[in-house]
Amino acid sequence: MTTAQELREKKQTYWDDVSVGHQFAPLIIGPMTPTHLFRWSAAIENWHRIHYDQSFAIYHEGLPNILGQGSWKQSILPRYLKDLCLPDGWPWKVSFQHRAMIVPGDTITVWGAVTKKYEEEGLGFLDLDVGMRLQYDAESCPGRATIVLPIRGGKPIPYPFVPPKKLAN
Amino acid sequence: MSNAPASTESALTPAVKAMIGVAAEKVEASFDWGIEREGLRIFTQAIMDPDPRYWDDAFAKATKFGGIITPPIYCTYIGRRQRPGADDPVTRAFKENPNSDGIGGVRTGEGKGSLPLVPTPLKRILNAGNEIELRQYPKLGDRIFSQAKYADIKERVQKDGSRMLVVTTETIYTNQNDEVLCILRASQIRR
């Protein structure tokens, strides 16, 4: 787990120093507990009982246990990419699907690996495969991301970020 | 079992096609007081992100963002919170159904900002994936607005010849200056 001090002192990763195949340092979260799941439900006011009421989840819904929320996973991947890009890069976009369920006891490894490296309008782009792997190697949230890292001696990454026309959706 | 029409009959009818581009009303997702510290503290602790950019004024001011920011997609969640003064939806849901799943009767369902339903007999809904595009981090005090639209609807033919639809909605989140913060694209399979 990353600490506040590590994020405060985070040194910039430059586009120049990353190659296709590079694996960024993972973020390890867990083991997850029912309290972690309940805290997320309360934070976003999601009262679906499958996330905090174990009897309901198992005996009414036929689930193996209470389940980790897709919305939580959806928040963790951008958080991971944000950390990779700090202090001056930009976690432009991420897409993903929900696969293996997360249940209490699971430990999650959030990961990212570079699949493509390119330059557009003077900015350094990296395409990544990303995911949230569980302790038994199942993938819970496979996806793809594009981040922008500073090029040594290059122009600053604009903020707010405006994607180059060629790459915009 | 699929609800899909026979294989010769397209699920992408003119009425369904006409939904592409249809937009909902733009609504304010935040409360009148905008983004505040306590909500931000609760959210960041729930994603276990101790980043000082979310709580340390002096440090945040010295960053390129110029002040306290929120996690990348915080703005997509603040519209889910119960407005003060509204009837308690949790009490109502369980009064109506003691076995409520916590979702069925709990949502206030005011419909404001919601998209009209896609006119299809395909009732089964599966999440086909999401995409989040970030342009700017929300800041303390920001007012957040959202507007959803049907960005695309495509037809797919399954192995058994039945048809399904892939419905993609796009929700754009903006601040009080109409600057784009985040774009959420969510795809659902209807079969």
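Because the model is predicted, local features need pLDDT of at least 70 and side-chain atom pairs count only at pLDDT 80 or more, whereas totals for chains, interfaces and linings use all residues.

**Stop 1: chain A as a whole**

Select chain A, whose C-alpha atoms fill a box of roughly 60 × 35 × 30 Å when taken along the principal axes. Chain A holds four helices and five strands, where helices (H or I, at least four residues) and strands (E, at least two) are DSSP runs numbered from the N terminus. Read from the N terminus on, its elements follow the order α-β-α-α-α-β-β-β-β. Of its 169 residues, 39% count as buried; a residue is buried if 20 or more other C-beta atoms lie within 10 Å of its own, exposed if 12 or fewer, and partly exposed in between, with C-beta atoms placed from the backbone.

**Stop 2: helix α2 of chain A**

Next select α2 (34-44) of chain A, and colour L37(A), W40(A), S41(A), A43(A) and I44(A), which are buried. Why do they lie on the same side of α2(A)? They cover an arc of only 165° around the axis, which puts them on the same side of α2(A), the arc being that of the directions from the helix axis to the C-beta atoms. An α-helix has 3.6 residues a turn, so residues three or four places apart point the same way. The buried residues of α2(A) pack against α4 of chain A together with α2 (37-46) of chain B.

Now pick T35(A), which is also found in helix α2 of chain A. Is T35(A) buried or exposed? It counts as exposed, because it has 10 C-beta neighbours inside 10 Å. If you draw a distance from T35(A) to A138(A), which is 103 residues away along the chain, their C-alpha atoms are separated by 23 Å.

**Stop 3: the contact between the chains**

Show both chains together: the contact takes 33 residues from chain A and 34 residues from chain B, with two residues in contact if their C-beta atoms, placed from the backbone, lie within 7 Å. On the side of chain A that touches chain B, at least two residues each come from α1 (4-8), α2 (34-44), α4 (70-85) and β2 (90-96). The residues on that side of chain A divide into 18 nonpolar, seven polar and eight charged; here Ala, Val, Leu, Ile, Met, Phe, Trp, Tyr, Cys and Pro count as nonpolar, Asp, Glu, Lys and Arg as charged, and the others, Gly among them, as polar.

**Stop 4: strands that cross from A to B**

Select β2(A), which is mostly covered, since six of its seven residues are buried. Within chain A, five bridges join β2(A) to strand β5 (residues 143-149), running antiparallel, and S95(A) has R144(A) as its bridge partner in β5(A); two strands pair if DSSP finds at least two bridges between them. Four bridges also join β2(A) to strand β2 (residues 125-134) of chain B, again antiparallel. In β2(B), the partner of V94(A) is I132(B), and the partner of F96(A) is N130(B).

Follow β2(B) onward to strand β5 (residues 180-190) of chain B, to which nine bridges join it in antiparallel fashion, with L126(B) and I189(B) as one of the partner pairs. Strand β4 (residues 163-174) of chain B is joined to β5(B) by 10 bridges, also antiparallel, and there E170(B) stands opposite R185(B). The hairpin of β4(B) and β5(B) has five residues between the strands, and in it D178(B) takes a positive phi near 65°.

**Stop 5: the nonpolar cores**

Finally, select L77(A), L81(A), V110(A), I147(A), V148(A) and C75(B), which have the most contacts inside the largest nonpolar core, a set of 60 residues. A nonpolar core is a set of buried Ala, Val, Leu, Ile, Met, Phe, Trp, Tyr and Cys residues joined through C-beta atoms within 7 Å. A second, separate core of eight residues includes A11(B), L122(B), Y150(B) and L165(B). Return to C75(B) to end the tour: not counting residues up to four places away in sequence, C75(B) touches A29(B), P138(B), I144(B), Y173(B), L181(B) and C182(B).

Definitions and conventions
Residues numbered from 1 in each chain as written. Chains lettered and ligands numbered in written order.
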